[in-house]
Amino acid sequence: MMDYRDVLREMLLAWRTSNVVELAVSNEGAFSSLMVLLRDGDDRVRRRALIALREILRRKPEPRYTLSVLRNLRTVLSLLKDTDEVAIEALRLLAVLFSLVHPEERDYVEVVDALVSLVRSKRNEVVLLEIPPVLERLRPAKASSLARSRAMALLSSGNPRLRAMGLRLLANMSVGDSRVLSLLLDEIDEALLGEDVPLQDFTLNLLSEVLVPPSEENVGKYWELLRALEVVSHRSPVPGVRSKARDLAFRVKKLLTLYYSSRPGEAMRTIAELLAEGKVDEAMELALEVGEDVPRGFSKLPSRGGSVVLGPKYVEHPRGSGPGGGSSSWGTVRKKKPEPPEKQETRVPFERVAELVDALSGSIEEKMDALWELHRLAKELPEKGLVALEPAVEPLLGVLASENRWARDRSARILARLALRAPYGAKIVSSIIGLLERRKAVPGALTFLSYYFSKRWDGELAGRVLPLLRALLKEYPFEVLLTLEAMTRTVPREDAVLFAQFVPLLKEIKRTELAPIALRVLENIAEKERSLVL
């Protein structure tokens, strides 16, 4: 067999990689010579030989090539200790190889050991970033006890990256195994809430693959996961990681909604617990998502700190619970039998709407009950039936000025639903514009716009709103940014130019504590028209 090493070496040094690939796939002797060059004394040759082999596997994913590389696996693994540039190309070759073939037990264990050594070596981060694509594809030809035990051994490591690596390997061998998810949920605090961005990204990818609906045993862990994801989605310095965290948080919310929708009693206890912990937004979102299966009505519920928050009527906080009390936080909640869900209404007596309107000016409990029922009606009634709710519009506009964030937010949601569906929707929108022009109830009016634009893009309304948003940005930066985020999510590409005026301002805000929201708005704009943010 002819020796092609000198010819190939000259080509590689001249960066004629495509010529090397063509020669190697057309001549068996040339391919064998290329494998030998992995041990060449020049690191440039070793690196470029790896690049050529990777390209060959991509072009010709045939056994004669994949098995040949697999037979030389130890040589490739030895290059992980080479220079950074060579190690990177060796890892990239392994990622392609394991997407095509699964190594036998002995080779599998050698690969795992080599990757573990690489993680422990504290090499340059640019090298370590190439490990996850290898791990995502690495699985043994047969899930033997040795292969499984090698992965399990990593779970007791003090290095969080190695623990995550062990979980990935187990997931590859155990598709659908709930134990992997259970172990992964135990790692959430360190894996997601630390400062290791590559570990966050790796964990998010793994979670997206193994996430399944929660059970009674682990639903609490899903709440912890959701809170961690929301932190990452706001604080991560990497746009891609923030985006993955947002997408995964959305999935977790939907899974929790599905879980609680068939458990109204447990849903209300969870809402009460969230309220008692001061997590009003989470409680409100769960209540709104679960909808009619959750009994209406709120009464005074003492929180752990002794202050008053709103909670469901049929859940009673145990006497003596909380600080200084005799029972743990929510361990002895006494439950009354929930009332059966009311039959969905298709018509609303005007007299009942009048009662709800009166309640909006009553006590805090009456106001909350009225807002709850009005929201339900705005959501459930057919468009023709929404005429009955028109008398509530003016009082609801008044609630937008409330200092109670829960009431203000609920009122904004109701008005947004009516503006989108009711025949008098245009009047509501005009009223909101009027509030902004007069600088009245600005936070509530901006919340309305956020909900409105999150459901529908309205180019005409956007043209009227954007100058107002620019004028309000300095005084109400948080609320304006949230509105811009909603608008830039739904804007079609042809209208994205409307937001060009905000790009310089958003880049300035990137230097402040509101940077995460500003970055999300910029990302939304870039997704529609990248040239606007360059």
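**Helix contact and cavities in a predicted model**

Q: Which residues of α3 do Val20, Leu23, Ala24 and Ser26 in α2 meet?
A: In this predicted model, the α2 side of the contact consists of Val20, Leu23, Ala24 and Ser26. By class, the residues of the contact of α2 with α3 are six nonpolar, one polar and one charged.

Q: Which residues lie nearest the centre of the largest cavity?
A: A search of the whole structure finds two cavities of 30 Å³ or more, and the largest holds about 170 Å³ of space. α9 (125–128), α10 (131–137), α12 (160–173) and α15 (197–210) each give two or more residues to its lining. The lining has 11 nonpolar, no polar and two charged residues. Of the 13 lining residues, those nearest the centre are Leu128, Ile131, Pro132, Arg161 and Phe202.

Q: Which element gives the most to the lining of the second largest cavity?
A: The second largest cavity has about 40 Å³ of space. Its lining consists of Pro160, Arg163, Ala164, Leu167, Leu184, Glu187, Ala191 and Thr203, with five nonpolar, one polar and two charged residues by class. The element that gives the most, with four residues, is α12.

Definitions and conventions
Residues are numbered from 1 along each chain as its sequence is written. This is a predicted model: local features need pLDDT of at least 70, side-chain atom pairs count only at pLDDT 80 or more; totals for chains, interfaces and linings use all residues. Side-chain values use heavy atoms; hydrogens and water are left out. On a 1 Å grid over the protein atoms alone, a cavity is a set of points where a 1.4 Å probe fits but cannot get out, and a pocket is an open set with protein on both sides within 12 Å along at least five of seven lines; lining residues have an atom within 4 Å of a point. Grid points are joined across faces, edges and corners, and a volume is the space filled by probe spheres set on the points. Ala, Val, Leu, Ile, Met, Phe, Trp, Tyr, Cys and Pro count as nonpolar, Asp, Glu, Lys and Arg as charged, and the others, Gly among them, as polar. Contact means heavy atoms within 4.5 Å.
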